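Have the model open as you read.

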Amino acid sequence: MNKIYGSAAEALEGVLSDGMLIAAGGFGLCGIPELLLQAIKENGAKDLTFASNNAGVDDFGIGILLQSRQVKKMISSYVGENAEFMRQYLSGELELEFNPQGTLAERMRAGGAGIPGFYTKTGVGTQIAEGKEVKQFHGEDYILEEGIFADLSIVKAWKADDTGNLVFRKTARNFNPPAAMCGKVCIVEVEEIVPRGSLDPDHIHLPGIYVHRIIQGEHEKRIEKVTTRKREDA
């Protein structure tokens, strides 16, 4: 089975549709599937729900889909740095489901493991717990959170072989693996495709069983906030 496609648009063909729930990897602007997000914008699919740690910035990442009004709802833990997101949310144009960061990651991982729900102390006694089942374990309250079962997963990895075994770099490993696991179809964009057998099995972060389609491309690697200091004299 050939998993390698020539472009993001080709990889999304026959998969993308209006009203989908899409799990997207990335942490801030690190490790986001920027090529696939651009292809989704060009496709024009609308009324999309995204489960993602972040909403990108105004002109990058999921932010470009907010600008084109293709996103109906965000399931996120951090939505700063995005003025258009704020405008749409405050005006009632965009639905938002806030999740604590660890809870969101576990909801994705649980979905990938076939677990429909789990109990956590995170959010007990706060607005996060409103409307959710509460159960006691060892005399303490826990709230029920549901696993995320996405229609599509889009992620970015550093390396892949042709079977879809993936290696992530540093912070990109935070949300990409659980996001990849929870989709019915998983499409990954990578910086490099290496020969089969060249990846050390102990260094593979996600096995190819989760990956259906792969593209290789050039990435911008944008930095959210560039902070510099004056070089000290030698």
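How do the residues lining the second largest cavity divide into nonpolar, polar and charged? There are five nonpolar, five polar and no charged ones. The classes are simple: Ala, Val, Leu, Ile, Met, Phe, Trp, Tyr, Cys and Pro are nonpolar, Asp, Glu, Lys and Arg are charged, and the others, Gly among them, are polar.

Some ground rules before going on. This is a predicted model, where local features need pLDDT of at least 70 and side-chain atom pairs count only at pLDDT 80 or more, while totals for chains, interfaces and linings use all residues. Residues are numbered from 1 along each chain as its sequence is written, and side-chain values use heavy atoms, with hydrogens and water left out.

**Holes and a pocket**

Rolling a probe the size of a water molecule over the atoms shows where empty space is left. Here the work is done on a 1 Å grid over the protein atoms alone: a cavity is a set of points where a 1.4 Å probe fits but cannot get out, a pocket is an open set with protein on both sides within 12 Å along at least five of seven lines, and lining residues have an atom within 4 Å of a point. Grid points are joined across faces, edges and corners, and a volume is the space filled by probe spheres set on the points.

The structure has two cavities of 30 Å³ or more.

| Space | Volume | Lining by class |
|---|---|---|
| Largest cavity | about 40 Å³ | four nonpolar, four polar, two charged |
| Second largest cavity | about 30 Å³ | five nonpolar, five polar, no charged |
| Largest pocket | about 350 Å³ | eight nonpolar, three polar, eight charged |

The lining of the largest cavity includes Gly 28, Leu 29, Tyr 78, Glu 81 and Glu 224, along with Asn 54 and Gly 56. Asn 54 and Gly 56 also turn up in the lining of the second largest cavity, among them Ala 24, Ile 32, Pro 33 and Leu 37.

As for the pocket, 19 residues line it, and Cys 30, Gly 31, Lys 156, Glu 191 and Lys 221 lie nearest its centre. Strand E8 (residues 150-160) gives the most to this lining, with three residues. Helices (H or I, at least four residues) and strands (E, at least two) are DSSP runs numbered from the N terminus, and the protein chain has six helices and 11 strands.

**Cores**

A nonpolar core is a set of buried Ala, Val, Leu, Ile, Met, Phe, Trp, Tyr and Cys residues joined through side-chain atoms within 4.5 Å. Buried means under 20% relative accessible area, exposed over 50%, and partly exposed in between (1.4 Å probe, protein chains only).

The largest core has 30 residues, and Ile 22, Ile 40, Phe 50, Met 74, Leu 152 and Ile 154 have the most contacts inside it. Elements that each supply at least two of its residues include helix H2 (34-43), strand E2 (48-52), strand E3 (71-76) and E8. H2 gives the most, with four residues. There is also a second, separate core of 25 residues, which includes Ile 75, Ile 148, Ala 180 and Met 181.

Which residues of H2 are buried? Glu 34, Leu 36, Leu 37, Ala 39 and Ile 40 are. H2 is followed by Gly 44, with a positive phi near 90 degrees.

Leu 48, in strand E2, counts as buried at 0% relative accessibility. Leaving aside residues up to four places away in sequence, Leu 48 touches Ile 22 and Ile 40, among others (contact means heavy atoms within 4.5 Å). On the same terms, the contacts of Met 74 include Phe 50, Ile 62, Phe 85 and Leu 94, plus Asn 54.

Most residues other than glycine have a negative phi, and most peptide bonds are trans. Arg 69 has a positive phi near 60 degrees. Arg 69 sits in the loop between H3 and E3 and is partly exposed, with a relative accessible area of 49%. His 138 has a positive phi of about 55 degrees, lies in the loop between strand E6 (134-137) and strand E7 (140-146), and counts as exposed at 85% relative accessibility.

**The whole chain**

Buried residues make up 47% of the 234 residues.
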